[in-house]
Each structure stands twice: as C-alpha cells, then as structure tokens.
Amino acid sequence: MRWSIKIAKIAGIEVRIHLTFLILLAWIGISYYLTGGRTAAIEGIGFILIIFGCVLLHEFGHAMAAKAFGIQTPDITLLPIGGVARIQRMPDKPWQELVVAVAGPLVNVVIAGVIIAVLGFQIDWNPASSLADPEGSMLVKVASINIMLVLFNMIPAFPMDGGRVLRSLLAMRIGQARATQIAARIGQGLAFVLGFIGLFANPFLVFIALFVYLGAASENAMAQMKDISTGVRVADAMVTEWVSLSETDTIDTAIEALLRTSQQEFPVLDGHGHLLGLLTRDPMIRALRETGPATPVVAVMQTCGESVRPLDAFEDAFQLMQETGCPALPVIDRTGRLVGLVTPENIGELMMVRAILKEGERPSWRRA
C-alpha cells in the first residue's frame with residue numbers, strides 16, 4: 001500500500017504502518033499532553049498502541065487461517081481506521097471463506113475472554129462507560145475494546161468480516177455470484193442507514209458508511225467479474241494489436257508512441273521478440289521529468305515475473321494480475337514470444353460485453 005512503511009516481518013508477513021497512522025499517534029499525544037501533561041500523553045499513546053496491537057492480532061488470525069488453505073498474505077497494513085490484511089485471494093469454497101472470515105473476530109474473543117478470566121469475571125459490561133473512565137483498569141478497557149471490535153466486524157456488510165460470513169453462508173445454497181450480490185445490497189443498505197444516523201448523531205458514522213458502501217460495491221464487481229469470466233480463455237479477450245518498444249529505445253521514443261496511440265502499457269522486447277518488461281505512462285512521464293528523454297526504456301520498465309498462455313482460463317489470468325500487481329499481464333506462446341496482453345482496459349470491456357450477451361450465447365470472436 002502506498003504511503004506505508006515496513007516495521008517488521010512476522011511469519012513471512014510484512015507488518016506495515018500507514019503514514020496517516022503516525023499522524024493519528026501524534027494527534028493523540030498532543031491532545032493528551034495539552035490536557036494532562038507528559039504522563040497523560042504517554043498513557044494515551046500507549047493505549048492506542050495496545051488497541052492496534054489487538055487489531056494486528058485480528059488480522060494475523062485471518063492470515064493464518066488463509067495460510068491453512070494455501071493462500072499467502074504478503075503484508076498487513078495498520079491504518080487509523082483499523083488493519084488491512086492483503087490476502088492474495090479469498091478461498092473458492094464457501095466454508096473455507098467462512099473459516100477465514102471468523103478467524104479474525106475469534107482472536108478478539110479469545111483476548112477478551114482471557115482478560116475476563118484473569119479479572120475473575122468481574123468486569124463492567126458497558127464498554128462505553130469503561131473507556132470513558134480515566135481511572136478505569138487498563139485490562140478492562142482492553143477487554144471492552146476487543147468486545148467492540150467483534151461486534152463492529154460482525155456487522156453483515158462488506159468489507160467487514162460479517163459481510164464475508166453472510167456471503168459464505170448464502171453461497172452454500174445459492175452460489176457465489178448471487179450470494180455476493182445479495183450480501184452487497186444488504187451492506188449498501190446498512191451504509192445508507194449508518195450515513196443517515198451519522199448526519200444527526202456522529203459525523204464519523206458518515207465516513208464509516210462511505211467505507212462500507214464502497215467496499216460492498218467493490219466486492220460485488222469482483223464477484224461479477226469472476227462469474228462473467230467463467231469459461232472464457234485468455235485468447236478470447238487478450239489484446240493482440242499493440243505498439244512495442246525495443247531494448248535500445250529511449251524515453252523519447254516511448255513518449256512519441258504514447259502520444260500517437262491510445263495505449264498505456266508498452267511491452268519492451270528483445271531482438272527475438274521475447275518480453276523484457278513493461279513500460280507504463282506514469283514511470284515514462286516521471287523519467288522524462290527527472291532523467292530526460294535520452295533515458296533508456298530498460299532502465300525504467302517494470303519486469304513482471306508472471307505470464308499466461310493463450311489457452312489458460314481468463315479467470316486465472318485476472319486473479320494472477322491482482323496478485324502480482326503488474327500493470328498488464330503478458331501472454332506468451334510455447335516459444336516464449338509475446339502474443340498478447342491482458343490489460344485493465346480489456347478486462348473492463350470484457351465485463352461490459354459479457355454482461356450484455358444472453359446466457360449461453362457465443363460471440364463471433366470466440367475461438368473454437
């Protein structure tokens with residue numbers, strides 16, 4: 001994630017902090033210092049760090065559950081609004097997604113349960129009052145925060161865990177695509193309710209409502225893409241006409257190609273037609289500004305270690321593109337020569353065209 005810094009690597013997973021999180025810590029520290037001095041500032045920052053420690057353990061719960069199904073998590077990023085575990089993909093089987101979804105909240109349940117047991121089950125069950133009490137026990141506050149994390153995350157709306165739980169339960173009966181559509185609509189409905197309440201009660205709820213609405217829309221679009229691409233091969237949708245650059249070209253040549261075409265991803269090929277890398281618009285413009293038009297394209301291009309074959313399933317290519325973060329996915333033949341590209345633009349075009357076609361209808365461009 002952009003604007004984040006790595007602070008640790010645990011069990012092969014990078015732990016990152018977004019710069020806005022550091023701004024939050026600074027704001028908390030200054031606010032507490034102005035009201036209670038140095039001691040209050042240290043306690044305030046310490047409490048926030050403990051809360052986000054629980055959030056981090058929550059995200060590791062998801063990551064470890066996903067790992068049990070062979071799915072890796074490259075990194076976990078802490079944001080002011082919580083944590084994000086970048087799981088490469090969600091499991092294909094609904095019951096596996098259910099396990100991954102509940103693993104995070106279960107970690108918070110365990111943390112709260114252990115603290116309650118240590119306190120001899122003597123705890124104020126009103127989280128709001130325990131948090132507002134400046135003299136209250138730190139353990140009670142941590143237990144209360146974990147209870148609130150469970151309740152908040154189990155709201156049946158994407159991208160919260162409750163939305164994934166709802167989707168997985170529905171998918172066991174009506175299929176993934178339809179289940180996602182229903183769960184997304186429920187999430188968007190809840191977002192409208194939260195937003196309306198926030199207008200009169202707490203403006204922060206409006207921000208949460210927007211987060212939920214966009215998350216639900218994103219999940220629905222992803223599910224539609226997966227459903228639409230079922231049965232489609234890479235050869236049916238890849239770009240086969242493009243302008244390429246050679247390994248001896250400079251940024252000046254690349255800029256000229258950018259201006260005379262509508263292309264934004266340019267393959268860089270060696271003398272035998274084999275792919276060396278991809279050059280996209282933003283790095284191209286940056287190089288022009290910083291190092292000049294004589295900069296070799298091979299010094300700026302992005303190398304993508306993954307590629308697909310024409311007869312591969314388009315669904316797998318789409319998933320691979322998400323996992324690798326490549327601006328375009330090269331399609332190569334058996335000899336290693338570039339024969340096509342899978343780009344974000346033709347993925348969107350495929351979605352539009354396939355959504356219009358009637359079920360079972362075969363377009364003329366599909367190959368036998």
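Predicted model: local features only at pLDDT ≥ 70, side-chain atom pairs only at ≥ 80, totals over all residues.

**H2 against H4**

- The handedness of the H2 and H4 crossing is left-handed.
- On the H2 side, the residues in contact are Pro105, Asn108, Val109, Ile111, Ala112 and Ile115. Their partners in H4 are Leu139, Val142, Ala143, Asn146, Ile147, Leu149, Val150 and Asn153.
- Sorted by class, this contact of H2 with H4 holds eleven nonpolar residues, three polar ones and no charged ones.

**A closer look at H2**

- With its 25 residues, H2 spans 36 Å from first C-alpha to last, close to the 36 Å expected at 1.5 Å a residue.
- H2 has a bend of about 35° at Ala103, with the proline Pro105 following within four residues.
- Just after H2 comes Gly120, with a positive phi of about 70°.

**H1 against H4**

- Helix H1 (residues 19-68) also packs with H4, at an angle of about 45° and with the axes 11 Å apart. That angle makes H1 oblique to H4.
- The crossing of H1 and H4 is right-handed.
- H1 brings Phe47, Ile50, Ile51, Cys54, Val55 and His58 to the contact, while H4 supplies Met138, Lys141, Val142, Ile145, Asn146, Leu149 and Asn153.
- The contact of H1 with H4 has nine nonpolar, three polar and one charged residues.

**H9 against H10**

- Further along, the axes of helix H9 (residues 251-260) and helix H10 (residues 281-290) come within 10 Å and cross at roughly 130°. This makes H9 oblique to H10.
- H9 and H10 cross in a left-handed way.
- Ile251, Ala254, Ile255 and Leu258 of H9 touch Arg281, Met284, Ile285, Ala287 and Leu288 of H10.
- Here the classes come out as eight nonpolar, no polar and one charged residues.

**A loop to look at**

- Ala11 sits in the loop between strand S1 (4-10) and strand S2 (13-18).
- The phi of Ala11 is near 55°, a positive value in a residue other than glycine.

Definitions and conventions. Residues numbered from 1 in each chain as written. Heavy atoms only, no water. Left-handed = near helix turned anticlockwise from the far one by under 90°. Helix = DSSP H or I, 4+ residues; strand = E, 2+ residues; numbered from the N terminus. Contact = heavy atoms within 4.5 Å. Nonpolar A, V, L, I, M, F, W, Y, C, P; charged D, E, K, R; others polar. Expected span 1.5 Å × (residues − 1). Bend = angle between axes of the 7 residues up to and from the residue. Axes fitted to C-alpha atoms, helices over the stretch in contact; angles between N-to-C directions. Parallel < 35°, antiparallel > 145°, perpendicular 65-115°, else oblique.
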